[in-house]
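Hi,

Here is the structure I promised to pass on to you.

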Amino acid sequence: MRALLALALLAATPVMAEPTRPPITGVSHIAVYADDLAKTNTFYTRDLGGVKKPDAENPAGARYHFAPAQFVEVLPLPAGEGINRLDHVAFVTTDAEALRAYLAFKKVTVPAKVSTGTDGSLYFSVTDPEGNVVEFVQPPKALPDIPVNPLSHRMMHVGFIIHNRAKQDTFYRDILEFKPYWAGGFQEDVHTWISIQVPEGRDWLEYMLVSGPETEGIPPNMSQKIAGILNHFALGVPDVRDSYTLLWNENRLTGQEELPKIGRDAKWQLNLFDPDGTRAEVMEFKAIGKPCCSPFTAEDPEP
């Protein structure tokens with residue numbers, strides 16, 4: 001009798017329906033630390049052509065826009081931070097509260113509520129399986145008026161250090177449903193750069209795979225220079241050689257040492273570095289031929 005009663009109570013208990021994940025449509029921004037804010041301001045405004053705006057999330061910071069809803073957020077370097085210059089990466093969603101609820105249903109630790117920026121944006125942050133801070137932003141209805149940047153008006157990917165691809169995939173692939181785009185590395189059969197696109201767009205996150213006894217964070221023997229190369233962002237351009245010519249003719253390459261080159265993904269690229277070593281990768285949208293290591297498995301970003 002008790003067993004029958006228990007079954008009846010179980011049948012009467014409503015089952016919570018899984019919430020629908022709202023779209024995640026692209027890269028919003030990358031937030032980096034700067035030791036010298038004046039020098040960093042020169043790099044992002046004069047050299048890269050970003051438009052400086054107030055930081056709607058942190059009054060101590062500044063935003064350097066390349067498009068109305070895409071920017072680099074620069075924050076003062078916290079005391080004792082060491083060589084790390086990455087604070088977080090952020091992706092655009094159409095509904096921040098619905099995504100927060102979806103992640104909570106999936107047993108991801110989320111804040112009790114979304115935050116509201118001074119610009120009217122809605123956002124919240126979580127940490128991925130390796131402790132990287134990832135933010136999701138619902139842009140404000142009224143976006144800032146940002147003129148078209150002659151260098152680039154599209155931030156098409158962000159990348160950061162990871163240690164365990166399978167572990168990270170439980171969050172980005174299984175829960176958020178990012179989709180494979182390309183994987184490669186210096187060796188043909190060893191994939192250390194893994195690109196996965198947002199589910200409802202063509203921007204991507206790039207895992208920068210490292211190995212060592214540690215399981216998260218910057219390896220203790222890594223230099224600030226290498227960490228800055230790995231923790232990076234990319235600006236899309238139609239033609240890197242035209243972009244380099246623009247920067248050269250306008251004397252915007254002061255202190256930069258690299259020249260345009262074809263990457264292992266068969267895309268022309270140019271690596272530039274801010275004063276703290278964070279890499280700004282100027283990259284063409286499409287490959288000029290066959291990439292190394294693996295084929296592209298999704299559509300390329302568009303200007």
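Below is what I found when I went through it.

One thing to keep in mind from the start: this is a predicted model. The chain folds into 6 helices and 16 strands. Its radius of gyration is 21 Å, close to the 19 Å that the globule rule gives for 303 residues, so the chain is as compact as a globular protein of that length. If you like to picture its extent, the C-alpha trace spans about 85 × 45 × 40 Å along its principal axes.

Now for the inside. Of the 303 residues, 50% are buried. In soluble globular proteins, nonpolar side chains tend to be buried together. Here, the largest nonpolar core has 55 residues, and Leu48, Phe91, Leu103, Phe136, Tyr172 and Phe233 have the most contacts inside it. Strand S1 (residues 24-34) gives this core its largest share, 5 residues. There is also a second, separate core of 15 residues, with Trp182, Leu230, Met283 and Cys292 among them.

As for the contacts in the chain with a separation of 6 or more, 66% are between residues 24 or more positions apart.

The accessible surface is about 14,500 Å², and carbon and sulfur atoms account for 57% of that. The chain carries 28 positive and 39 negative side chains, and the centres of these two sets are 3 Å apart.

Cheers

Conventions
Residues numbered from 1 in each chain as written. Predicted model: local features only at pLDDT ≥ 70, side-chain atom pairs only at ≥ 80, totals over all residues. Heavy atoms only, no water. Helix = DSSP H or I, 4+ residues; strand = E, 2+ residues; numbered from the N terminus. Rg over C-alpha atoms; globule rule 2.2 N^0.38 Å. Buried < 20%, exposed > 50% of the residue type's maximum accessible area, 1.4 Å probe, protein only. Contact = heavy atoms within 4.5 Å. Areas by Shrake-Rupley, 256 points an atom, 1.4 Å probe, with all protein chains shown as cover. Lys, Arg positive; Asp, Glu negative; His and termini not counted. Charge placed at Lys NZ, Arg CZ, Asp CG, Glu CD. Core = buried A, V, L, I, M, F, W, Y, C linked by side-chain atoms within 4.5 Å.
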